[in-house]
Protein chains: 2
Amino acid sequence: MTYCVGLYLREGLVMLSDTRTNAGVDHISTFCKMHVEDVPGERMMCLLTAGNLAISQAVWNRLQEGLLVDGQVHTLRDVPTMFRAAQLAGAAVRAVFEADGPTLRAQGIAFDVALLLGGQIGGQAQRLFMIYAAGNFIEATEDTPFLQIGEHKYGKPILDRALTFDTRLVDGVKLALVSMDSTLRSNLTVGLPLDLLVYREGTQRVGLRKRITEEEPYFRALREGWSTALREAYRAMPVPDWVAG
Amino acid sequence: MTYCVGLYLREGLVMLSDTRTNAGVDHISTFCKMHVEDVPGERMMCLLTAGNLAISQAVWNRLQEGLLVDGQVHTLRDVPTMFRAAQLAGAAVRAVFEADGPTLRAQGIAFDVALLLGGQIGGQAQRLFMIYAAGNFIEATEDTPFLQIGEHKYGKPILDRALTFDTRLVDGVKLALVSMDSTLRSNLTVGLPLDLLVYREGTQRVGLRKRITEEEPYFRALREGWSTALREAYRAMPVPDWVAG
């Protein structure tokens with residue numbers, strides 16, 4: 001399993017992924033699920049992947065080698081818009097489906113992959129997409145300023161309640177980490193370390209890319225502090241008058 | 001879908017269920033999933049059900065009519081221990097599986113049912129069980145003082161972080177309602193009104209049974225207040241020193 005989340009905020013993008021892959025619970029490995037393609041000052045794109053590791057690695061390889069679109073080979077480094085970038089990622093998914101889908105189906109293995117692609121090109125708007133296994137995609141908007149792939153349920157309530165498009169970028173980092181921590185606690189197949197990327201709107205370059213390990217002091221303090229804050233918060237809520245003390 | 005949660009606390013039990021059932025998203029109904037069997041002062045049992053409604057209603061009907069165990073017909077009103085009560089509930093599930101399972105299987109419908117059974121008989125310990133579709137069951141302990149059935153993921157993080165066996169009963173009510181609210185927000189097939197039962201250890205009678213509607217002032221205030229408290233909590237968390245303001 002995997003958990004990846006992308007936040008689409010007025011100030012920029014926050015992309016966060018875990019690194020655990022598993023084939024059964026007794027075969028666990030660490031793989032980076034975050035891929036960055038950038039031409040600093042001109043474009044920045046970040047791709048997060050979930051699903052079957054062979055499929056998602058094949059997608060990323062095809063994106064790097066380039067895909068034939070309208071008679072020309074394109075990569076994320078030369079597409080003119082983020083919409084075209086999402087189309088290219090979808091085309092890579094479809095190319096892998098065409099190559100591997102029949103054999104996977106014959107062996108009863110689902111074609112399971114999902115991508116988050118966020119970024120900005122030149123003076124165009126920053127955008128964040130979720131690409132499905134069918135190669136089609138949706139886009140985050142101000143109404144729904146986050147997208148998740150993989151094990152999304154445990155980490156969703158905090159985002160539903162606290163995140164808006166106007167959330168500050170630094171607060172977005174905190175909320176993404178809390179959302180990830182909720183998932184880490186409940187699903188063993190989502191695991192540390194984490195890969196975090198922060199992008200500030202209008203910069204066209206990676207603002208921060210950081211690997212967060214078990215030992216990272218801030219993340220440790222956040223996990224501890226958040227649990228304490230929640231306990232204090234529910235204790236401070238009034239007692240219903242229909243419950244006897 | 002459904003969400004039911006049972007808390008097993010030193011001070012007593014909190015049982016909470018939603019009331020939504022659905023056959024597809026265009027066929028939604030309201031059904032009580034909480035059933036109580038009590039002999040005030042002698043025993044109190046509360047059963048919550050999730051899964052296929054026809055199966056769970058059949059289970060409850062068989063429990064009320066009584067099941068033949070070791071040559072005698074038993075109900076929850078006459079079993080001598082809570083362990084026997086859980087066995088009886090499991091026997092009811094198996095009886096329904098025997099009666100309806102072959103036809104369901106022939107029509108490609110899963111035998112989907114899960115139960116929470118909490119209660120206390122006489123001077124024995126209070127207990128809380130989760131009964132599976134196979135009729136076998138597990139029991140909550142001081143280490144894991146809550147059990148969930150149905151759509152359990154959205155409501156689990158708050159319980160993982162804040163609930164312990166020593167949580168006060170009134171605080172347990174708040175946490176169960178917060179857990180339910182997180183689920184209501186994310187899964188349309190879990191819906192109001194809610195059924196809440198509070199049992200105080202050693203009383204052998206229902207302490208409180210309450211239906212909570214959309215209009216219930218306390219629940220409205222809790223939903224609002226909890227979101228505010230979370231927003232304040234994450235804003236108060238320190239900013240990581242590796243993120244530029």
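A salt bridge is a side-chain nitrogen of Lys or Arg within 4 Å of a carboxyl oxygen of Asp or Glu. Side chains of opposite charge can pair when their charged atoms come close. This is a predicted model, in which local features need pLDDT of at least 70, side-chain atom pairs count only at pLDDT 80 or more, and totals for chains, interfaces and linings use all residues. Residues are numbered from 1 along each chain as its sequence is written, chains are lettered from A and ligands numbered from 1 in the order in which they are written, and side-chain values use heavy atoms, with hydrogens and water left out.

One salt bridge joins the side chains of Asp195(B) and Arg211(B), at 2.9 Å from N to O. Asp195(B) lies in strand E13 (residues 194–200) of chain B and Arg211(B) in strand E14 (residues 208–212) of chain B, so the pair ties together parts that are 16 residues apart in sequence. Helices (H or I, at least four residues) and strands (E, at least two) are DSSP runs, numbered from the N terminus. Asp195(B) is buried, at 5% relative accessible area, while Arg211(B) is partly exposed, at 39%. Here buried means under 20% relative accessible area, exposed over 50%, and partly exposed in between (1.4 Å probe, protein chains only).

Glu42(B) and Arg43(B) also meet through their side chains in a salt bridge, at 2.7 Å from N to O. Glu42(B) is partly exposed, with a relative accessible area of 30%, and Arg43(B) is buried, with 5%.

## Salt bridges between the chains

Over all chains, the count of salt bridges is 30. Four of the salt bridges cross the interface of chain B and chain A. In one salt bridge, the side chains of Arg161(B) and Asp181(A) are 2.3 Å apart, N to O. Arg161(B) belongs to helix H3 (residues 156–162) of chain B and Asp181(A) to helix H4 (residues 169–186) of chain A, so the pair joins two chains. Arg161(B) is buried, at 5% relative accessibility, and Asp181(A) is buried too, with a relative accessible area of 1%.

Lys153(B) and Glu151(A) form a salt bridge through their side chains, at 2.8 Å from N to O. A network of salt bridges links Arg161(A), Asp181(B), Arg185(B), Glu214(B) and Arg223(B).

## The interface

Contact means heavy atoms within 4.5 Å. By that rule, 50 residues of chain B are in contact with 49 residues of chain A. The two chains bury about 4,300 Å² between them, 65% of it on carbon and sulfur atoms; buried area is the accessible area (1.4 Å probe) that two parts lose on being put together, summed over both. In chain B, Arg161(B), Tyr234(B) and Trp242(B) lose the most area to chain A, together 22% of what that side buries.

Across the interface, 23 residue pairs are in polar contact, both residues being at pLDDT 80 or more. A polar contact is a pair of N or O atoms within 3.5 Å; within protein, one must be able to donate a hydrogen and the other to accept it, and residues adjacent in sequence count only if both atoms are side-chain atoms. On the side of chain B that touches chain A, H3, helix H4 (169–186), E13, E14 and H5 of chain B each supply at least two residues. H5(B) gives the most to that side, with 13 residues.

Helix H5 (residues 217–236) of chain B has 20 residues, which at 1.5 Å a residue should span 28 Å; its end C-alpha atoms are 28 Å apart, which agrees. The expected span of a helix is 1.5 Å times one less than its number of residues. The buried residues of H5(B) include Tyr218(B), Leu222(B), Trp226(B), Leu230(B) and Tyr234(B). The face turned away from the buried side of H5(B) carries the exposed residues Pro217(B), Glu224(B), Glu232(B), Arg235(B) and Ala236(B).

In H4(A), 17 of the 18 residues are buried, leaving the helix mostly covered.
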